[in-house]
Amino acid sequence: MANTRLYQAGITIAVAFSVLLSVCLAQAQTKPYQLIDGFDIATEGALLLLGLSWLTLVLQARPDGNVTRLLIVGLLGYSLGCYMDLLDEFFINSSLPGWFSWLEKLPTPIGLLTLTLGLWLWREEQKTVNEQLRTREQFFRQHQLVDRVTKIYDSRAIRQQLNLLIKREENLGLVMLDIDNFAKVNQQQGFKEGDILLTNIAQLLASQLRSQDLVCRYAGDSFIVLLPKASAAFNQSMADELKQAICGLNCQASCAVFHYQNNQSDTKLNASQLIAELTSEMDKVKQARVMSKVS
């Protein structure tokens with residue numbers, strides 16, 4: 001998926017740069033050799049390379065989403081502005097159409113403003129992730145129950161936390177998210193891209209939760225979210241929000257919800273029984289979808 005985005009961004013940049021260069025070659029006069037400043041060319045070229053390298057890092061490191069799109073648009077605008085400044089070192093501005101000079105002034109400030117907004121939203125997103133890491137640091141340090149691929153908790157961690165909440169007689173919600181057609185991703189794009197997708201989903205889910213919530217990779221392409229002290233309405237709302245967020249990564253997920261009112265239950269369930277109930281709800285969701293397709 002990251003390679004696909006890099007390819008698409010590369011095509012976009014190549015087309016934009018080629019069009020601008022074609023306009024200059026077709027309508028502009030080149031500067032005499034004596035007026036070309038090698039130092040200015042080197043500095044403008046270095047700024048362009050920096051902008052493109054930042055863009056590559058963002059495309060490789062971040063999952064898709066609104067923040068990522070703002071960063072990409074901002075860096076594209078900045079890189080385009082640097083490229084047009086570089087063209088100025090070779091062509092005479094007065095020989096170009098009037099619209100070209102206006103176009104030259106716009107990309108850099110628009111790109112920097114968009115990039116600033118993206119960075120600010122990234123900061124807010126990272127504050128949420130850091131808060132979750134701080135509140136779970138002790139549990140993480142004690143148990144090391146971490147999934148090797150996604151770097152979030154595994155099924156053992158969710159079971160331990162469930163048993164702890166049951167003893168405290170707290171109401172809780174469980175949400176299971178099962179990625180649809182994930183096997184096709186592994187088959188068509190390879191297991192490496194599949195692991196990248198799972199990691200991006202894990203990070204996305206973690207960024208959407210409250211500090212007291214917990215997300216784990218349950219098995220394969222299934223995730224379980226634990227919502228302590230949550231009402232049934234909140235559980236459903238959170239499930240819908242998480243499912244919609246996953247759609248932003250160009251994939252879909254089946255979603256099941258189970259609400260457990262601990263203090264009103266005559267028979268106390270353990271963690272395994274709660275997860276079994278949740279799995280049963282997921283089976284019903286999938287069966288209903290199959291029936292709807294058949295009908």
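This report describes the nonpolar cores, the salt bridges and a surface patch of a predicted model.

## Nonpolar cores

The largest nonpolar core has 28 residues, and within this core L177, I201, L205, F223 and I246 touch the most other members. At least two residues of this core are supplied by each of the strands β2 (172-179), β4 (222-228) and β5 (253-260), and likewise by each of the helices α7 (182-189), α8 (191-208) and α9 (232-247). The largest share, 7 residues, comes from α8.

For I201, the contacts can be listed by name: leaving aside residues up to four places away in sequence, I201 touches I179, F223, I246, L249 and C251.

## Salt bridges

Side chains of opposite charge can pair when their charged atoms come close. A search of the whole structure finds 6 salt bridges, and one of them joins the side chains of D147 and R217, with an N to O distance of 3.2 Å. This pair links distant parts of the chain, since D147 sits in the loop between α5 (107-143) and β1 (153-154) while R217 belongs to strand β3 (residues 214-219), 70 residues apart. D147 counts as buried because its relative accessible area is 14%, and R217 is likewise buried, at 15% relative accessibility.

A salt bridge is also formed by the side chains of R156 and D154, at 2.6 Å from N to O. Here R156 is partly exposed, with a relative accessible area of 46%, whereas D154 is buried, with a relative accessible area of 12%.

The side chains of E281 and K284 meet in a further salt bridge, with 3.6 Å between N and O. Both residues lie in helix α10 (residues 271-294), where they are 3 residues apart, about one turn of the helix. E281 counts as partly exposed at 25% relative accessibility, and K284 also counts as partly exposed, at 48%.

## A nonpolar surface patch

On the surface, L47, L50, W54 and L57 form a nonpolar patch, and together these residues have about 370 Å² of accessible area. One of them, W54, is found in helix α2 (residues 38-61). The relative accessible area of W54 is 40%, so this residue is classed as partly exposed; it also passes the cut-off for patch membership, which requires over 30% relative accessible area.

Note on methods:
Residues are numbered from 1 along each chain as its sequence is written. This is a predicted model: local features need pLDDT of at least 70, side-chain atom pairs count only at pLDDT 80 or more; totals for chains, interfaces and linings use all residues. Side-chain values use heavy atoms; hydrogens and water are left out. Patches are made of residues with over 30% relative accessible area and no salt bridge: like charges are joined within 9 Å, nonpolar side chains (Val, Leu, Ile, Met, Phe, Trp, Tyr) within 5 Å. Accessible areas come from the Shrake-Rupley method with a 1.4 Å probe; for residues, only the protein chains shown count as cover. A salt bridge is a side-chain nitrogen of Lys or Arg within 4 Å of a carboxyl oxygen of Asp or Glu. Helices (H or I, at least four residues) and strands (E, at least two) are DSSP runs, numbered from the N terminus. Buried means under 20% relative accessible area, exposed over 50%, partly exposed in between (1.4 Å probe, protein chains only). A nonpolar core is a set of buried Ala, Val, Leu, Ile, Met, Phe, Trp, Tyr and Cys residues joined through side-chain atoms within 4.5 Å. Contact means heavy atoms within 4.5 Å.
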